Amino acid sequence: MTSRLLKQALLVAAATLSATAQATTTRTCSSYKIPITASSANLVWALPPFSNNFEVASFVDAIASRSAGGPETLFQRAPQNVSVNYTIAATFCQPARGQPGASAHNGAVLIATHGLAYDGSYWDPPIDRVKYSFVDYAISQGYSVFFYDRLGTGDSSRVSGYVAQLSNQVAVLAELTKLVRAGKYVGSLGKPSSVVYVGHSFGSTISIQAIANDITAADGLVLTGYTLNSDVLNGQGTAEISALRIASSLNSHRWGQLDSGYVTQVDVFANVGAFFAAPDYDPAVANFAQQTRSPMGIVELITSQVPVHPVGYKGPTLLISGQKDFIMCKSDCDGGVLNVTAVDVFSTAKAFKAVSYPLAGHGINLHLNAVGAFKEITDFLSTNGL
Ligand SMILES: *[C@@H]1O[C@H](CO)[C@@H](O)[C@H](O)[C@H]1NC(C)=O
Ligand SMILES: *[C@@H]1O[C@H](CO)[C@@H](O)[C@H](O)[C@H]1NC(C)=O
Ligand SMILES: *[C@@H]1O[C@H](CO)[C@@H](O)[C@H](O)[C@H]1NC(C)=O
């Protein structure tokens with residue numbers, strides 16, 4: 001069963017959620033399977049693979065320890081240069097012709113990269129799209145959105161959970177960007193006038209790293225569920241609260257083809273602890289997120305928060321995290337903490353703004369007031385000429 005079919009099946013179960021689901025936005029979408037060749041310098045896992053969940057629990061304790069060693073304790077000394085062919089599942093949506101405002105930002109394409117535990121549908125969840133679809137909101141404001149399943153998730157190529165990591169995910173984004181800029185896989189749009197990266201969490205790390213590698217990659221940057229402030233980042237707490245188990249041990253039917261490097265939250269409460277902030281979410285949506293979650297590669301988890309400092313980036317940059325983001329701010333993003341380091345890193349940007357978004361946790365798009373965050377994003381872009 002493909003993940004999309006699975007989602008359709010789950011939708012039936014989630015009928016209460018879809019009762020009010022109604023598309024108010026007229027959009028034209030195309031889905032693609034895109035062949036790419038991605039070249040990257042990958043960290044090479046140096047430990048034996050996990051053989052059971054006792055080993056996963058010990059490993060999480062070890063990396064969360066206050067005396068944890070650096071990456072040299074986990075990876076071989078030299079990264080390995082690889083060039084691999086993958087297929088990436090992507091969707092491009094643009095305002096339908098005649099839709100009010102369809103030409104407002106004609107030619108601007110937002111390339112959206114999701115974080116850990118999701119696939120591309122994070123940006124357009126098949127539940128109540130009026131409340132939760134970033135894609136629908138962006139389209140209502142005249143933007144087009146290109147979103148995709150990261151390597152190892154959704155309908156994109158499978159790789160080992162000991163191989164999927166920041167470097168190859170960045171290489172995938174860089175290749176997709178070249179294609180989009182050339183006017184490929186963007187429906188009837190043609191060559192975009194501008195490209196903006198929009199990331200969530202690990203997807204933000206991937207977006208910012210792609211810009212650090214090439215500051216012309218994107219004309220603007222939106223980092224959601226993110227921080228550059230290592231003092232408030234809660235990586236260790238997140239690893240522990242997530243109660244990770246080998247995905248195939250939880251559901252061999254669904255995840256049996258994934259190796260033991262793929263782990264996932266054991267239950268909805270582990271998911272909620274890291275991703276949702278009470279009372280500002282619908283428990284049915286949290287259950288939906290848990291039921292449709294994507295396992296994360298262990299090396300993705302380890303590389304998800306490497307500090308990235310793009311030098312000399314000029315594009316307008318918005319950093320927006322939920323005020324109660326447990327992962328990025330230990331549940332309190334107020335008090336200027338999101339500005340720390342970020343204002344220096346983006347000192348050359350045409351504009352920089354950090355927002356601690358009220359009444360939301362880490363999975364900002366799945367909170368009850370997600371639309372307000374979507375508005376912050378498109379308002380920022382449009383104010384800054386994108
Ligand atoms: C990998 O590529 C980098 C730069 O592209 C190069 O400096 C390095 O020597 C290469 N490593 C190996 C093992 O070939
Ligand atoms: C990867 O794709 C390229 C371009 O289509 C092709 O030339 C090459 O042979 C492929 N490599 C492998 C290992 O399949
Ligand atoms: C960042 O600092 C500016 C003032 O320099 C302030 O207006 C803004 O609220 C701060 N943002 C956050 C999220 O703290």
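This is a short walk through one predicted chain, from its overall build to some single residues and one ligand.

First, the ground rules. Residues are numbered from 1 along each chain as its sequence is written, chains are lettered from A and ligands numbered from 1 in the order in which they are written, and side-chain values use heavy atoms, with hydrogens and water left out. Since the model is predicted, local features need pLDDT of at least 70 and side-chain atom pairs count only at pLDDT 80 or more, while totals for chains, interfaces and linings use all residues.

Let me start with the whole chain. The chain holds 16 helices and eleven strands. Helices here are DSSP runs of H or I with at least four residues, strands are runs of E with at least two, and both are numbered from the N terminus. The radius of gyration of the chain is 19 Å, close to the 21 Å that the globule rule gives for 386 residues, so the chain is as compact as a globular protein of that length. That radius is taken over C-alpha atoms, and the globule rule is 2.2 Å times the number of residues to the power 0.38. Along the principal axes, the C-alpha atoms fill a box of roughly 55 × 50 × 45 Å.

Of the 386 residues, 56% are buried. Buried means under 20% relative accessible area, exposed means over 50%, and partly exposed is in between, with a 1.4 Å probe and protein chains only. The accessible surface of the chain comes to about 15100 Å², and 54% of that belongs to carbon and sulfur atoms. Such areas come from the Shrake-Rupley method with a 1.4 Å probe, and for residues only the protein chains shown count as cover. As for contacts, meaning heavy atoms within 4.5 Å, take those between residues at least 6 apart in sequence: 80% of them join residues at least 24 apart.

Now to single residues. Ile-34 is in strand β1, residues 27-42. Is Ile-34 buried or exposed? Its relative accessibility is 0%, so Ile-34 counts as buried. Val-56 is 22 residues from Ile-34 in sequence, yet the two are 34 Å apart in space, C-alpha to C-alpha.

Arg-97 sits in the loop between β2 (80-95) and β3 (108-113). Arg-97 counts as exposed because its relative accessibility is 82%. Arg-27 is 70 residues from Arg-97 along the chain, and their C-alpha atoms are separated by 8.4 Å.

Arg-27 comes up again with Ser-133. Ser-133 is in the loop between α4 (129-132) and α5 (134-140), and Ser-133 is buried, with a relative accessible area of 1%. Which residues does Ser-133 touch, not counting those up to four places away in sequence? They are Arg-27, Trp-123, Asp-124, Pro-125, Asp-128 and Phe-374. With Asp-124 there is a polar contact between the two side chains, at 2.7 Å. A polar contact is a pair of N or O atoms within 3.5 Å; within protein, one must be able to donate a hydrogen and the other to accept it, and residues adjacent in sequence count only if both atoms are side-chain atoms. A polar atom of the Ser-133 side chain also lies 2.9 Å from the backbone nitrogen of Asp-136.

Next, some backbone details. Ser-201 has a phi near 55°, a positive value in a residue other than glycine. Ser-201 is in the loop between β5 (194-200) and α7 (202-213), and at 12% relative accessibility it counts as buried. Ala-243, in the loop between α8 (235-241) and β7 (244-246), has a positive phi of about 45° although it is not a glycine. The peptide bond from Ala-278 to Pro-279 is cis, with omega near 0°. Pro-279 is in the loop between α11 (268-275) and α12 (283-291).

Last, ligand 3. Around ligand 3 are Gly-336, Leu-338, Asn-339, Ala-354, Val-355 and Ser-356, where near means that a heavy atom of the residue lies within 4 Å. The protein covers 43% of the 360 Å² of accessible area that ligand 3 has on its own. An oxygen atom of ligand 3 is 3.3 Å from a polar backbone atom of Gly-336, and a nitrogen atom of ligand 3 is 3.2 Å from a polar backbone atom of Ala-354.
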